[in-house]
Amino acid sequence: MASFHVMAGPGEMLARPAIRRIGLSDVWDALGRGFDDFRAKPSHYVFLGLIYPICGIVLVTWSSGANMLPLIFPLVAGFALLGPFFAIGLYEISRRRELGMDTSWRHALDVRHSPALPSILAVGAMLMVLFVAWLVFAQMLYTNLFGAEPPQSLALFLASIFSSENGLLLMLAGNAIGFCFALVVLATTVIAFPMMLDRDVGAVAAIETSLRATLVNPVPIACWGLIVSALLIVGTIPIFVGLAVIMPILGHATWHLYRKIVVDERR
């Protein structure tokens, strides 16, 4: 019944833990607690967080050729769709710190021993599908507005984007489509990965709980999504270097947000 375990956890029924109503103060408190986790051993977490700016630089370098220029922004923006999965090691560190255990950065790799790993990978695969779908939509939108011929250079590409009606339409429509993808990811995974790591409830139960948490707390969850978006933008501005700090803080904060939203009947 391994496949059932991936979908529903080791039990025979889907877990449906109770959801708390939270306020905006709880969102800010979770962010503050995430910063406290980061501040405990910042050098360790910056080292762990270097994967994010490195991935960003690799994406931009790979897409800097003329054929891939239209995908630079979608790749960078869409990278955030995978953030909840890539922060899984940070949730583990916050979990261990909460229990008073050792929080060396090496323990971020302990996730590979988690019984929930198949479920985590299943939801991660869902995020990858959404990421690829976003890139496909972005490419189709560009092709419909500017044709299939790739831009000759970065300068000409930027000029066509910022000095034409089609460019304005591309930015407006592209951001609208991107917002829809981000909304789906936020609603389905806002606390899904921490929950699977903490309880091994299965992929479906984790996604369903995230959806219920979003419906019960629409304003706080929307505020959390705006905070994440704003901080990610700030982190990408200095050649992605800021992500080495921003991503660990957001990862830790997500764990504390999960703790605030989902009732732990085990306590």
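Colleague: What share of the residues of the chain count as buried?

Modeller: Of the 267 residues, 48% count as buried. Keep in mind that this is a predicted model. The average pLDDT is 82, and 81% of the residues score at least 70.

Colleague: How many helices and how many strands does the secondary structure come to?

Modeller: There are 14 helices and zero strands.

Colleague: What makes Asp-200 buried?

Modeller: Its relative accessible area is 10%, and buried means under 20%, so Asp-200 qualifies. You'll find Asp-200 in the loop between helix H11 (192-199) and helix H12 (203-216). Asp-200 also has a positive phi of about 50 degrees, although it is not a glycine.

Colleague: Which residues have the most contacts inside the largest nonpolar core?

Modeller: That core has 56 residues, and the ones with the most contacts inside it are Ile-120, Ile-191, Phe-193, Met-196, Trp-224, Leu-257 and Ile-261. The largest share, 10 residues, comes from H14. Leaving out neighbours within four places in sequence, the contacts of Trp-224 include Val-27, Leu-31, Leu-186 and Leu-257.

Colleague: How do you know that the side chains of Asp-26 and Lys-260 meet in a salt bridge?

Modeller: The N to O distance is 3.7 Å. The cut-off is within 4 Å for a Lys or Arg nitrogen and an Asp or Glu carboxyl oxygen, so the pair counts. Side chains of opposite charge can pair when their charged atoms come close.

Colleague: Which parts does that pair tie together?

Modeller: Asp-26 lies in helix H2 and Lys-260 in helix H14, so the bridge ties together parts that are 234 residues apart in sequence.

Colleague: Why is Asp-26 called partly exposed, and why is Lys-260 called buried?

Modeller: Asp-26 has 24% relative accessibility, which falls between the 20% and 50% limits, so it is partly exposed. Lys-260 has a relative accessible area of 18%, which is under 20%, so it is buried.

Colleague: What separates Asp-36 and Arg-39 in helix H2?

Modeller: They are three residues apart, so about one helical turn separates them. Their side chains meet in a salt bridge at 2.8 Å, N to O. Arg-39 has a relative accessible area of 51%, and exposed means over 50%, so Arg-39 is exposed. Asp-36, at 32%, counts as partly exposed.

Colleague: Which residues form a nonpolar patch on the surface?

Modeller: Met-128, Val-132, Val-136 and Met-140, with about 340 Å² of accessible area together. Take Val-136, which sits in helix H8. Its relative accessibility is 43%, and patch residues need over 30%, so Val-136 clears that limit.

Colleague: Why does Gln-139 count as partly exposed?

Modeller: Its relative accessibility is 29%, between the 20% and 50% limits, so that is the label. Gln-139 is in helix H8 too, and it touches Pro-70 and Leu-71, not counting residues up to four places away in sequence. The C-alpha atoms of Gln-139 and Pro-70 are separated by 7.2 Å, though the two are 69 residues apart along the chain.

Definitions and conventions. Residues are numbered from 1 along each chain as its sequence is written. This is a predicted model: local features need pLDDT of at least 70, side-chain atom pairs count only at pLDDT 80 or more; totals for chains, interfaces and linings use all residues. Side-chain values use heavy atoms; hydrogens and water are left out. Helices (H or I, at least four residues) and strands (E, at least two) are DSSP runs, numbered from the N terminus. Buried means under 20% relative accessible area, exposed over 50%, partly exposed in between (1.4 Å probe, protein chains only). A nonpolar core is a set of buried Ala, Val, Leu, Ile, Met, Phe, Trp, Tyr and Cys residues joined through side-chain atoms within 4.5 Å. Contact means heavy atoms within 4.5 Å. Patches are made of residues with over 30% relative accessible area and no salt bridge: like charges are joined within 9 Å, nonpolar side chains (Val, Leu, Ile, Met, Phe, Trp, Tyr) within 5 Å. Accessible areas come from the Shrake-Rupley method with a 1.4 Å probe; for residues, only the protein chains shown count as cover. pLDDT is the predictor's confidence in each residue, from 0 to 100.
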